[in-house]
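Here is a friendly note to read alongside the structure. Please keep the model open and follow the points in order.

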Amino acid sequence: MARPNVNNLVALVIAGMLSSTPVASQAQQGANADVLGLGGITPVGHWQAEDGDSRYDVALCGDGTQLCVKLTWINPDKANDRNQQFVDKYVIYQARRARPAEWRGDINIYGTIVGGSVRLLGSNAVKVTGCAYWVFCQSFLLKRISGGKV
C-alpha cells in the first residue's frame, strides 16, 4: 500500500477549529501593524502551502497579538468529503505569542487537538508545526501569496 505524502496530508488535515470571526478588525490590524515589533514584517495575509494544495488566511485576533489561521481553499484534485468540510474554518484559533516571531496554540486535525506552532521565517515564509504529545511532530511551509481564494 502506497504511503501518502505526509506534507500533503498535514496541509490538508490541519483544519476544523471553531468557525468564529477574529476579534481584531481589519482597521485595528492596520493600525497595529507593527504592534508585533518585527519592523513591519507580519504574518497577516494570504498564504499557500509550499506544494500548492491548500491556502490559508492569517489574521491577528483576540487581543490583537494572537494569531488565527483559516483554511480558505483546497486544490480540487485533493479535495474530498472529509477535508472539504473544513474550508472556511479556523485551523488555529487565538494562538498566543511565545517568542517575537512565533505563536503557539492548538491545531484541530479532524477532531484531534494537537499542540502547534506558527513561526514567521521572514516576510514571505511561515513554518507550521503540529505535534501529538510534543513527540510526534510534522511541519510544513507556507509561502505568502498576493490573493486569497481562486
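**Notes on the model**

1. Let us begin with the rings. Across the whole structure, a search finds 2 aromatic pairs. Rings of Phe, Tyr and Trp (its six-membered ring) count as a pair if their centres lie within 6.5 Å, and planes under 30 degrees apart are called stacked, over 60 edge-to-face and the rest tilted. One of the pairs is Y56 with F140, a tilted arrangement with 6.3 Å centre to centre and 45° between the planes. This pair links distant parts of the chain, as Y56 belongs to strand β2 (residues 54–61) and F140 to strand β8 (residues 136–145), 84 residues apart. Strands here are DSSP runs (E, at least two residues), numbered from the N terminus.

2. Are the two partners Y56 and F140 buried or exposed? Y56 is buried, at 2% relative accessible area, and F140 is buried too, at 6%. The word buried stands for under 20% relative accessible area, exposed for over 50%, and partly exposed for what lies in between (1.4 Å probe, protein chains only).

3. Y90 and Y93 also form an aromatic pair, this one edge-to-face, with 5.6 Å centre to centre and 65° between the planes. Y90 has a relative accessibility of 7% and so counts as buried.

4. Before going further, a word on where the values come from. This is a predicted model, in which local features need pLDDT of at least 70 and side-chain atom pairs count only at pLDDT 80 or more, while totals for chains, interfaces and linings use all residues. Residues are numbered from 1 along each chain as its sequence is written, and side-chain values use heavy atoms, with hydrogens and water left out.

5. Now for the fold: 8 strands form a closed barrel in the order β1-β2-β3-β4-β5-β6-β7-β8, with antiparallel pairing. On average, neighbouring strands of this sheet are turned by 30° against each other, direction ignored; the axes are lines fitted to C-alpha atoms, and angles run from 0 to 180 degrees between N-to-C directions. Two strands pair if DSSP finds at least two bridges between them. Strand β1 (residues 45–49) and β2 run antiparallel and are joined by 4 bridges.

6. How many disulfides does the structure hold? There are 2 disulfides, a disulfide being a pair of cysteine sulfur atoms within 2.5 Å. C61 is joined to C68, S to S 2.1 Å, and this disulfide is right-handed because the torsion about its S-S bond is about 90°. C61 is buried at 0% relative accessibility, and C68 is buried at 0%.

7. C131 and C137 form a disulfide with their sulfur atoms 2.0 Å apart. Their link is right-handed, with 115° about the S-S bond. C131 is buried at 4% relative accessible area, whereas C137 is partly exposed at 40%. With the bonded cysteines of the protein chain numbered in sequence order, the pairing reads 1-2, 3-4.

8. E102 lies in strand β5 (residues 102–109) and is buried, at 6% relative accessibility. Its side chain makes a polar contact with the side chain of R99, at 3.1 Å. A polar contact is a pair of N or O atoms within 3.5 Å; within protein, one must be able to donate a hydrogen and the other to accept it, and residues adjacent in sequence count only if both atoms are side-chain atoms.
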